[in-house]
Amino acid sequence: MAVKLTKNEQKVQKDHLKQYQRYLPTLQLKKQQLQSVIMQVNAELKAKEAEREAMVGNLDDWIAVFAENQIFPEDKKLDDLVQPDQVLVTTENIAGVKVPAFQELTFKDISYNVADYPLWVDTAVIKLREIARLDALVSTLEKQVELLGKELRTTSQRVNLFEKVKIPEAKENIRIIGVYLGDQQTAAVVRGKISKKKLVEAGR
């Protein structure tokens, strides 16, 4: 884009440069914060995924008894005893990004007659609820990573725009205008000297 070679434009470009240089450190800090937070959330996500896998793995010991689920009547299947209701989340502000924060997973209040089931069902219901809760937590953490990652990409683009485009562009414009105004000033001085010399010669 062509730049006006005037003192006013030089001032505008200098103001822009100051603005970019003032905003850049804030953007760089935000980028660092986002990178740090994403690493922390990813670490927590991996830990919870591992916890869930371990819990599911521990159910191997239950496979034999879970097989009994097949012989229960349709209206008394084990699946019907564990029905998630609501995922309770709040909203947190992390490095300027609003993200969901997991609070709890609620379940539908399903009562059953213990006489209709073998003894292991009570423990199985607890374990299945714990796994469902971890599923909800993992899902919320994945959403956090997604939202924070999106903001990081936007912030990184702005940092690059300021560092590689806006600041160098403003500096170059200031330099070009400075050179032009300097040449104009030199030319004016030369013209003044020539005029003065002519006046002196004419007065002789």
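**Entry 1**

I looked up Arg133, which counts as partly exposed at 32% relative accessibility (buried means under 20% relative accessible area, exposed over 50%, partly exposed in between, with a 1.4 Å probe and protein chains only). The model is predicted: local features need pLDDT of at least 70 and side-chain atom pairs pLDDT 80 or more, while totals for chains, interfaces and linings use all residues. Residues are numbered from 1 along each chain as its sequence is written, and side-chain values use heavy atoms, with hydrogens and water left out.

I found that Arg133 forms a salt bridge with Glu104, with 3.2 Å between the closest N and O atoms (a salt bridge is a side-chain nitrogen of Lys or Arg within 4 Å of a carboxyl oxygen of Asp or Glu). Arg133 lies in helix α3 and Glu104 in strand β2 (residues 97-107), so the pair ties together parts 29 residues apart in sequence. I noted Glu104 as partly exposed, with a relative accessible area of 32%.

**Entry 2: other salt bridges**

My search of the whole structure gave seven salt bridges. One of them joins the side chains of Lys30 and Glu151 at 2.7 Å, N to O. Lys30 belongs to helix α1 (residues 7-58) and Glu151 to helix α3 (residues 120-203), so this pair ties together parts that are 121 residues apart in sequence.

I then examined Arg52, which forms a salt bridge with Asp135; their closest N and O atoms are 2.2 Å apart. This pair links distant parts of the chain, with Arg52 in helix α1 and Asp135 in helix α3, 83 residues apart. Arg52 counts as partly exposed at 27% relative accessibility, and Asp135 counts as partly exposed at 33%.

**Entry 3: secondary structure and burial**

I recorded three helices and two strands for the protein (DSSP runs numbered from the N terminus: helices are H or I of at least four residues, strands E of at least two). Along the sequence the pattern reads α-α-β-β-α. Of the 204 residues, 28% count as buried.

**Entry 4: nonpolar cores**

Which residues touch the most other members of the largest nonpolar core? I found Leu105, Val121 and Leu148, in a core of 28 residues (a nonpolar core is a set of buried Ala, Val, Leu, Ile, Met, Phe, Trp, Tyr and Cys residues joined through side-chain atoms within 4.5 Å). The elements α1, β2 and α3 each give two or more residues to this core, and α3 supplies the largest share, 13 residues. A second, separate core has nine residues, among them Tyr20, Leu24, Leu27 and Ile174.

**Entry 5: aromatic rings**

I noted both Tyr20 and Phe162 as buried.

I also looked up Arg22, whose charged end sits over the ring of Tyr23, 5.4 Å from the ring centre (the criterion is NZ of Lys or CZ of Arg within 6 Å of the ring centre and within 35 degrees of the ring normal).
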